[in-house]
Amino acid sequence: TKTIGVLNLQGAVREHIRALEKIGVKAVSVKKEEDFDMIDGLIIPGGESTAIGRLIREHHLEDRLRQFHQAGHAIFGTCAGLILCSTDDSHQTQDLRLGFINMEVERNGFGRQVASFETKLDFKGIERPVEAVFIRAPFIEKVGPGVSVLAEVEGRIVAAEQNNVLVTAHHPELTDDFAVLEYFMKKVS
Ligand code: GLN
């Protein structure tokens, strides 16, 4: 059986752990370098991407994250986690970028708090529409070579993948529809 780590620095950590447990996956919190040794896949949760980025530096986790990625393990960035996985953001407001997906993002692209919304997403690779909650969500402005687009909302890209990395602008852990988490689990080996 697979163990999934949830990067536990800031943001929707408990929600992801609870959602993973609901689909029968063993989930653990990841806060230190050694924690990476016991996981098969990693979720970088939603929250505040600048705060998570700063804490990654403070906890000296950047190199370990990059190693984990290079080793080919599955990584899922949701919302703020998506921003951290990008190569660029249009207003250069994000300090730490892991560059796991060749894409440029627009932070808070749907507007601020008021622009939080719920919708049904057509998601490539998932047969039925997926319930999706967006909270001050980013969208993906541009993708480069090697990136597959998985979902869009009104012409804006909100989910993508490149090799072992999956990103979504919505919070897949906040509804009872866990189809996207199950999709991620298929990438975990
Ligand atoms: N707006 C947040 C950011 O830019 C992301 C919001 C979220 O993760 N729900 O970091």
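Visitor: What do the buried residues of helix 5 pack against?
Guide: They pack against helix 1 (13-22), strand 4 (74-78), strand 8 (130-134) and strand 12 (165-168). Packing rests on contacts: two residues are in contact if their C-beta atoms, placed from the backbone, lie within 7 Å. Helices (H or I, at least four residues) and strands (E, at least two) are DSSP runs, numbered from the N terminus.

Visitor: Which residues of helix 5 are buried?
Guide: Helix 5 covers residues 179-187, and its buried residues are Ala179, Val180, Leu181, Tyr183 and Phe184. Buried means 20 or more other C-beta atoms within 10 Å of the residue's own; exposed means 12 or fewer; partly exposed is in between, with C-beta atoms placed from the backbone.

Visitor: What kind of model is this, and how are residues numbered?
Guide: This is a predicted model: local features need pLDDT of at least 70, side-chain atom pairs count only at pLDDT 80 or more, and totals for chains, interfaces and linings use all residues. Residues are numbered from 1 along each chain as its sequence is written.

Visitor: How many helices and strands are there?
Guide: The protein has five helices and twelve strands. Its radius of gyration is 15 Å, close to the 16 Å from the globule rule for 189 residues, so the protein is as compact as a globular protein of that length. That radius is taken over C-alpha atoms, and the rule is 2.2 Å times the number of residues to the power 0.38.

Visitor: What share of the residues is buried?
Guide: Buried residues are 43% of the 189. Among contacts with a separation of 6 or more, 65% link residues 24 or more positions apart.

Visitor: On to the active site. Which residues does UniProt list?
Guide: The unreviewed UniProt entry lists Cys79, His171 and Glu173. They are spread over 95 residues of sequence yet cluster in space, with a largest C-alpha distance of 11.2 Å. UniProt positions use the numbering here, feature names are shortened, and annotations may be inferred rather than shown by experiment.

Visitor: Is Cys79 buried or exposed?
Guide: Cys79 counts as buried because it has 29 C-beta neighbours inside 10 Å. Cys79 sits in the loop between strand 4 and helix 4 (80-85). Beyond four places in sequence, its contacts are Gly46, Ile135, Ala137, Ala169, His170 and His171.

Visitor: And where is Glu173?
Guide: Glu173 is in the loop between strand 12 and helix 5. Glu173 is buried too, with 24 C-beta neighbours inside 10 Å. Leaving out residues up to four places away, Glu173 touches Ala12, Glu15, His16 and Ala19.

Visitor: What's around the ligand?
Guide: Gly46, Gly47, Glu48, Ser49, Cys79, Ala80, Ile83, Arg107, Asn108, Ile135 and Arg136. A residue is near a molecule if its C-beta atom, placed from the backbone, lies within 6 Å of it.

Visitor: How does that shell divide by residue type?
Guide: Four nonpolar, four polar and three charged. Ala, Val, Leu, Ile, Met, Phe, Trp, Tyr, Cys and Pro count as nonpolar, Asp, Glu, Lys and Arg as charged, and the others, Gly among them, as polar.

Visitor: Which residues carry the UniProt "binding site" label?
Guide: The unreviewed entry gives Gly47, Glu48, Ser49, Arg107, Ile135 and Arg136. They span 90 residues of sequence but cluster in space, with a largest C-alpha distance of 12.8 Å.

Visitor: Where does Ile135 lie?
Guide: Ile135 is in the loop between strand 8 and strand 9 (139-143). Ile135 is partly exposed, with 19 other C-beta atoms within 10 Å. Ile135 touches Gly46, Cys79, Ser116 and His171, not counting residues up to four places away.

Visitor: New topic. How do strand 3 and strand 4 pair?
Guide: They run parallel, over four bridges. Ile44 has Gly77 as its bridge partner in strand 4. Strand 3 also runs parallel to strand 1 (residues 3-7), joined by three bridges. Pairing needs at least two DSSP bridges between the strands.

Visitor: What about phi at Glu154?
Guide: Glu154 has a positive phi of about 45°, though it is not a glycine. Most residues other than glycine have a negative phi. Glu154 is in the loop between strand 10 (148-153) and strand 11 (156-162). Glu154 is exposed, with 8 other C-beta atoms within 10 Å.
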